[in-house]
Amino acid sequence: MTDYVAKARELFPYTQKLRREFHRHPELGFQEIRTARRIVEELSQLPGLEVQTGVGVTGVVALLGGDGRGPVVLLRVDMDALPMSEENDVPYVSQNAGVMHACGHDGHVAMGLAAAKMLHAERENLAGTVKFVFQPAEEGDGGAARMVEDGVLENPRPDYALALHLWNEKPLDWYGVAAGPTMAAAETFSITITGKGGHGAAPHTTVDPIVAASHIVTSLQSIVSREIDPIDTGVVSVTSIHGGTTHNIIPPRVEMLGTTRSFEPEVRELILKRVRQIATSVAETFRCQVKVEVADVCPALVNDPEVTARAQKVARRIFPNATIATEYQTMGAEDMAWMMDEIPGTYILIGSANPAKGLDAKHHHPRFDFDEEALVNGAALISAVAADLLRQ
Ligand SMILES: [Zn+2]
Ligand SMILES: [Zn+2]
């Protein structure tokens with residue numbers, strides 16, 4: 001049996017070099033032009049790979065195998081960066097001001113390319129097709145949904161879907177391979193409260209939307225604390241409030257933004273219904289008008305029990321001394337859910353923090369960085385699981 005850990009270790013200089021290059025040149029969602037070009041250049045070194053570009057604007061898809069024998073395994077990595085300034089002092093610091101790979105997607109692309117190299121080398125021993133998917137715009141702009149619209153789940157239709165994320169919440173040698181709902185369903189909401197503006201010293205001549213907004217924020221807190229079964233999980237966060245300009249003017253309007261999270265469909269429905277009802281009735285109580293808009297970000301990410309069990313077995317085999325967490329959930333959202341809603345799959349977390357080296361800043365922090373040893377682990381695990389699924 002192929003030793004993917006040894007192979008990934010051999011490939012480490014290649015993977016690390018790529019990761020650092022992508023880190024130096026981060027690009028925002030749907031603008032991953034350079035990133036996609038470099039991915040295509042690397043994939044074109046692997047003879048026989050069928051490469052398609054422009055899938056979901058900047059996405060790249062590559063087929064390995066594909067003679068119709070055996071199953072089709074989709075292996076997805078995301079490639080976008082975040083609109084923030086890097087504060088790390090490293091030789092590979094971002095050269096693109098105001099844009100940073102602060103979630104680790106630079107590492108994901110590098111691991112995806114390393115996996116392509118390793119599985120390509122093994123192609124004679126694999127029965128089936130690997131569909132490598134390099135996805136744009138994971139950070140809230142709907143890259144996965146765009147790729148699905150552009151047919152990434154057809155021709156050929158995948159039988160299994162795999163994805164991974166470097167995970168700085170946990171140290172190296174920790175792997176999250178959990179069945180069931182692992183990442184939350186997410187929605188965004190905006191609430192616009194309209195009253196009647198006027199002088200701050202004559203509130204009785206106004207309809208004050210600030211007082212109404214304050215009561216709405218407070219009342220929304222009761223959804224999770226008083227209406228959801230304590231055993232279930234949900235989040236309602238108001239994350240932005242804007243209204244008014246100065247001390248002595250009551251503004252005509254206040255705008256609020258926020259996000260909701262849940263795992264169970266019933267909880268999701270309850271939260272969204274109650275956000276609307278509470279915002280509407282409280283605004284009315286204070287004589288204001290209200291407009292509530294809700295938009296889906298993605299459904300909950302649910303790991304298929306069978307595929308996940310196989311991935312757990314592979315993880316235990318190739319990392320006998322590691323911690324394999326078979327129960328793990330986070331309220332973070334992941335748009336891979338759009339693909340895994342249709343294709344049974346598993347989404348694996350790769351522990352990547354190393355506090356002793358100061359590499360433990362959280363995702364989306366300006367000092368985010370991870371231990372590059374995790375690149376070896378992630379590339380090995382994702383390749384070994386893909387190979388296992390192709391061996392059936
Ligand atoms: Zn992120
Ligand atoms: Zn991410």
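Figure 1. Taken over C-alpha atoms, the centres of domain 1 and domain 2 are separated by 37 Å. The contact between them takes 9 residues from domain 1 and 7 residues from domain 2. In the domain assignment of the chain, domain 1 is made of 4-182 + 300-390, and domain 2 of 185-298. The model shown in this and the following views is predicted.

**Figure 2. The largest nonpolar core.** This core holds 111 residues. Those that touch the most other members are Val73, Leu75, Leu162, Ala379, Leu381, Ile382 and Ala386. Helix H10, residues 373-390, gives the most to the core, with 13 residues. Both domain 1 and domain 2 supply at least three residues each to this core. In soluble globular proteins, nonpolar side chains tend to be buried together.

**Figure 3. The surroundings of Ala379.** Ala379 is one of the residues of the largest nonpolar core that touch the most other members. Leaving out residues up to four places away in sequence, Ala379 touches Ala8, Leu11 and Thr15, and also Met111, Ala114 and Ala115. Two of the following views return to Ala379, as a residue of H10 that meets H4 and as part of the contact between H10 and H2.

**Figure 4. Helix H4 against helix H10.** Two packed helices are described by the angle between their axes and the distance between the axes. For H4 (residues 105-121) and H10, the angle is about 45° and the axes are 9 Å apart. H4 is therefore oblique to H10. The two helices cross in a right-handed sense. On the H4 side, the residues that meet H10 are Gly107, Ala110, Met111, Ala114, Ala115, Met118 and Leu119. Their counterparts in H10 are Leu375, Gly378, Ala379, Ile382, Ser383, Ala386 and Ala387.

**Figure 5. Helix H2 against helix H10.** H2 covers residues 12-24 and packs on H10 at an angle of about 110°, with the axes 10 Å apart. This angle makes H2 roughly perpendicular to H10. The crossing of H2 and H10 is right-handed. From H2, the contact uses Phe12, Thr15, Gln16 and Arg19; from H10, it uses Leu375, Val376 and Ala379.

**Figure 6. Helix H3 against helix H4.** The axes of H3 (residues 33-43) and H4 lie 10 Å apart, and the packing angle is about 15°. H3 is thus roughly parallel to H4. H3 passes H4 in a right-handed crossing. Thr35, Ile39, Glu42 and Leu43 belong to H3 and meet Val109, Leu113 and Ala116 of H4.

**Figure 7. Gly142 in the loop between strand E4 and helix H5.** The loop holding Gly142 runs between E4 (129-135) and H5 (143-149). Gly142 counts as buried because 22 C-beta neighbours fall inside 10 Å. When neighbours within four places in sequence are left aside, Gly142 is in contact with Ala137 and Asp335. Asp341 is 199 residues away from Gly142 along the chain, and the C-alpha atoms of the two are separated by 15 Å.

**Figure 8. The cis peptide bond between Asn155 and Pro156.** The bond that joins Asn155 and Pro156 is cis, with an omega of about -5°. Pro156 belongs to the loop between H5 and strand E5 (160-171).

**Figure 9. Arg287, a residue with a positive phi.** Arg287 is not a glycine, yet its phi is positive, at about 65°. The loop in which Arg287 lies is between helix H7 (265-285) and strand E13 (289-298). Arg287 counts as partly exposed because it has 14 C-beta neighbours inside 10 Å.

**Figure 10. His364, a residue with a positive phi.** The phi of His364 is positive, about 75°, although His364 is not a glycine. His364 is placed in the loop between strand E16 (345-353) and H10. With 13 C-beta neighbours inside 10 Å, His364 counts as partly exposed.

Terms used:
Residues are numbered from 1 along each chain as its sequence is written. Chains are lettered from A and ligands numbered from 1 in the order in which they are written. This is a predicted model: local features need pLDDT of at least 70, side-chain atom pairs count only at pLDDT 80 or more; totals for chains, interfaces and linings use all residues. A nonpolar core is a set of buried Ala, Val, Leu, Ile, Met, Phe, Trp, Tyr and Cys residues joined through C-beta atoms within 7 Å. A residue is buried if 20 or more other C-beta atoms lie within 10 Å of its own, exposed if 12 or fewer, and partly exposed in between; C-beta atoms are placed from the backbone. Helices (H or I, at least four residues) and strands (E, at least two) are DSSP runs, numbered from the N terminus. Domain bounds come from an automatic or database domain assignment. Axes are lines fitted to C-alpha atoms, for helices over the stretch in contact, and angles run from 0 to 180 degrees between N-to-C directions. Angles under 35 degrees count as roughly parallel, over 145 as roughly antiparallel, 65 to 115 as roughly perpendicular and the rest as oblique. A crossing is left-handed if the near helix is turned anticlockwise from the far one by less than a right angle, and right-handed if clockwise.
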